[in-house]
Amino acid sequence: MLITLSAKSLARFLEPKGDLTIQKLPAFVHDQFDIKGLTIQTCYLKGQSPEGLDRLRDAADKAGCPWLAMVEGDTHNLSSEDEEATARTIDRMERVLRAAGRLGCSSVAMSISDPGVTPDPELTEEILLDNIRRILTIAEQLELNLLISPSPGITQTPEGLTGLIRRVGGFRIGSFPDFEAASATDDPGAYLRALVPYAAAVTVATTEFGAKGKHKAFDLPVCLEAVKAVGFDGNLSIEFRGEADPVAGIQATHEAVLAAMETAA
């Protein structure tokens, strides 16, 4: 497994809130945490030109901490019968995918909105599958993985998300599991064991840690054990979401992941 860091973990340090630029983030993460890879959210790339993306890629490569995954921040409706709205969504995702390819990422994650109750569920599903395949075709051309994040609706449960992935078909579509989402279920371990085999990347989301280094909100070791149990060998992306000092939170999460990996050895 490769341990990486989500840029969102350091949101309060990044411009315009803080003094850390996205250009300098890879070197900071490498030097501060000895982490050698990053996940980037699209919100941090607004206004970037193709040449700017090239410079970001080069700076990350030079720092030994490349951009490996991109997360689209918006949730998209891929079940709409409105062809103009769908065309805008496909165009948006093509731009996101091309930016990810330019940065050197291997995966792009997106969320799908819940179509709710529709007059013709079969038609709604047909439209959804067709539009995902359109986006996936672009991803395949760019040699990128398209990952679907769990979200309310059809992708909320492991059965719904994995069923959707199977119906779409293809080697470059997968899941993007999240520890915090797993913790909201009755059995976080079972949730992750169902989704992780379909994943190219997993978000190790954490919040607050106690004085002795124990994660407060949910049982972090249970989640890590579930990832190990299915033989996951991809990108474990740490994303600290707590209110405390993010540096300490990232370090505590990193130590927990390292300890879990050593236990497996």
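This is a predicted model: local features need pLDDT of at least 70, side-chain atom pairs count only at pLDDT 80 or more; totals for chains, interfaces and linings use all residues.
Now to the pair. Helix α4, residues 121-141, and helix α5, residues 158-168, have axes that come within 10 Å and cross at roughly 70 degrees. By that cut-off, α4 and α5 are therefore roughly perpendicular to each other. The crossing of these two helices is right-handed. Which residues of α4 and α5 meet there? From α4 we have Glu125, Leu128, Leu129, Ile132, Arg133 and Leu136, and from α5 they meet Leu164, Arg167 and Val168. Sorted by class, this contact of α4 with α5 has 6 nonpolar residues, 3 charged ones and no polar ones.

Let's move to helix α2, residues 50-63.

Which residues of α2 are buried? They are Gly52, Leu53, Asp54, Leu56, Ala60 and Ala63. What do they pack against? The partners are α1 (25-33), β3 (67-76) and α3 (83-103).

Let me stay with α3 for a moment. The axes of α2 and α3 come within 8 Å and cross at roughly 40 degrees. That angle makes α2 oblique to α3. On the α2 side the contact is made by Pro50, Leu53, Asp54, Leu56 and Arg57, and on the α3 side by Ala99, Arg102 and Leu103. The class count for α2 with α3 is 5 nonpolar, 3 charged and no polar residues.

One more residue from this helix: Arg55 also sits in α2. Is Arg55 buried or partly exposed? With a relative accessible area of 48%, Arg55 is partly exposed. Setting aside neighbours within four places in sequence, Arg55 is in contact with Gln23 and Ser49. Gln23 is 32 residues away from Arg55 along the chain, yet their C-alpha atoms are separated by 8.0 Å.

For a contrast, take a strand residue. Ser111 belongs to strand β4, residues 107-112. Its relative accessibility is 13%, so Ser111 counts as buried. Leaving out neighbours within four places in sequence, the contacts of Ser111 are Asp74, Thr75, His76, Ser149 and Ser151.

I'll finish with some backbone details in the loops. The peptide bond from Glu15 to Pro16 is cis, with omega near 0 degrees. You will find Pro16 in the loop between β1 (2-6) and α1.

Then there are two residues with positive phi that are not glycines. Asp34 has a phi of about 55 degrees, and its place is in the loop between α1 and β2 (38-41). Asp34 is partly exposed, at 47% relative accessible area. Glu143 has a phi of about 60 degrees and lies in the loop between α4 and β5 (145-148). Its relative accessible area is 58%, so Glu143 counts as exposed.

Notes: Residues are numbered from 1 along each chain as its sequence is written. Side-chain values use heavy atoms; hydrogens and water are left out. Axes are lines fitted to C-alpha atoms, for helices over the stretch in contact, and angles run from 0 to 180 degrees between N-to-C directions. Helices (H or I, at least four residues) and strands (E, at least two) are DSSP runs, numbered from the N terminus. Angles under 35 degrees count as roughly parallel, over 145 as roughly antiparallel, 65 to 115 as roughly perpendicular and the rest as oblique. A crossing is left-handed if the near helix is turned anticlockwise from the far one by less than a right angle, and right-handed if clockwise. Contact means heavy atoms within 4.5 Å. Ala, Val, Leu, Ile, Met, Phe, Trp, Tyr, Cys and Pro count as nonpolar, Asp, Glu, Lys and Arg as charged, and the others, Gly among them, as polar. Buried means under 20% relative accessible area, exposed over 50%, partly exposed in between (1.4 Å probe, protein chains only).
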